[in-house]
Amino acid sequence: MDILLSYIQHYPHSTILLKTLTSLTKFYGKDFAPAFFAVIRDIARIAFSNLEYNDENYVRELMQLFAVTPCICCVQLNQDPDCITTMLRVADSYVNTAPTRAKMACFSLLNRLVRCETDNDNIVRVVTSLAGAFLTVREIMISEA
């Protein structure tokens with residue numbers, strides 16, 4: 001996992017690396033949830049520091065990786081409110097700046113987070129605390145239309 005994270009740090013905008021990590025997480029994530037979650041948490045931080053890059057494919061792959069996290073690493077995600085907040089802030093930023101299909105991936109992530117059925121107390125708490133910011137985004141988008 002350290003090698004994969006090292007590649008991601010050197011190539012933070014690599015869609016192929018994100019797609020590879022998403023596939024690996026789907027297949028092996030449940031067996032090695034803490035290790036996969038540590039990498040995903042670091043990717044969220046890297047993405048948050050590079051929000052100006054909003055290529056459609058990159059954003060879609062990033063949101064797909066974030067969307068498998070609550071399914072595979074729900075316990076770890078629920079125990080890390082900072083990571084939840086970072087993911088939500090990344091999604092919030094891309095809702096405003098990314099192309100349309102990438103925006104749809106952001107909303108899909110939000111939907112996935114609020115539909116977590118188990119181990120989700122902190123996830124729901126963080127989403128609820130940031131809901132005002134998302135409602136503001138929605139009002140801005142409606143008023144621009």
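Reply: Accessible areas are computed by the Shrake-Rupley method with a 1.4 Å probe, and for residues only the protein chains shown count as cover. By this method the protein exposes about 8000 Å², of which carbon and sulfur atoms supply 53%. The model is a predicted one, in which local features need pLDDT of at least 70 and side-chain atom pairs count only at pLDDT 80 or more, whereas totals for chains, interfaces and linings use all residues. Residues are numbered from 1 along each chain as its sequence is written, and side-chain values use heavy atoms, with hydrogens and water left out.

Me: How many helices and strands does the secondary structure come to?

Reply: Helices (H or I, at least four residues) and strands (E, at least two) are DSSP runs numbered from the N terminus. Here there are eight helices and zero strands, and the order along the sequence reads α-α-α-α-α-α-α-α.

Me: What percentage of the residues count as buried, and is Thr-25 buried or exposed?

Reply: A residue is buried under 20% relative accessible area, exposed over 50% and partly exposed in between (1.4 Å probe, protein chains only). Of the 145 residues in the protein, 45% count as buried. Thr-25, which lies in helix α2, is buried because its relative accessible area is 0%. Phe-27 is also placed in α2, but Phe-27 counts as exposed because its relative accessibility is 66%. In helix α1, where Asp-2 has its place, that residue is exposed, with a relative accessible area of 66%.

Me: Which residues does Thr-25 touch, beyond those up to four places away in sequence?

Reply: Contact means heavy atoms within 4.5 Å. On that basis Thr-25 touches Lys-30, Phe-36, Ile-40, Leu-65, Val-68 and Ile-72. Across the protein, among contacts between residues at least 6 apart in sequence, 75% join residues at least 24 apart. Distances between C-alpha atoms can also be read: Phe-27 and Ile-72, 45 residues apart in sequence, are 9.5 Å apart in space, while Asp-2 and Val-39, 37 residues apart along the chain, are separated by 8.0 Å.

Me: Which residues of the largest nonpolar core touch the most other members?

Reply: A nonpolar core is a set of buried Ala, Val, Leu, Ile, Met, Phe, Trp, Tyr and Cys residues joined through side-chain atoms within 4.5 Å. The largest one has 48 residues, and those touching the most other members are Ile-43, Leu-62, Met-63, Phe-66 and Tyr-94. At least two residues of this core come from each of α1 (2–10), α2 (15–28), α3 (33–49), α4 (56–72), α5 (74–78), α6 (81–97), α7 (100–114) and α8 (121–144). Apart from neighbours within four places in sequence, Ile-43 is in contact with Ile-8, Leu-18, Leu-21, Leu-62, Leu-65 and Phe-66.
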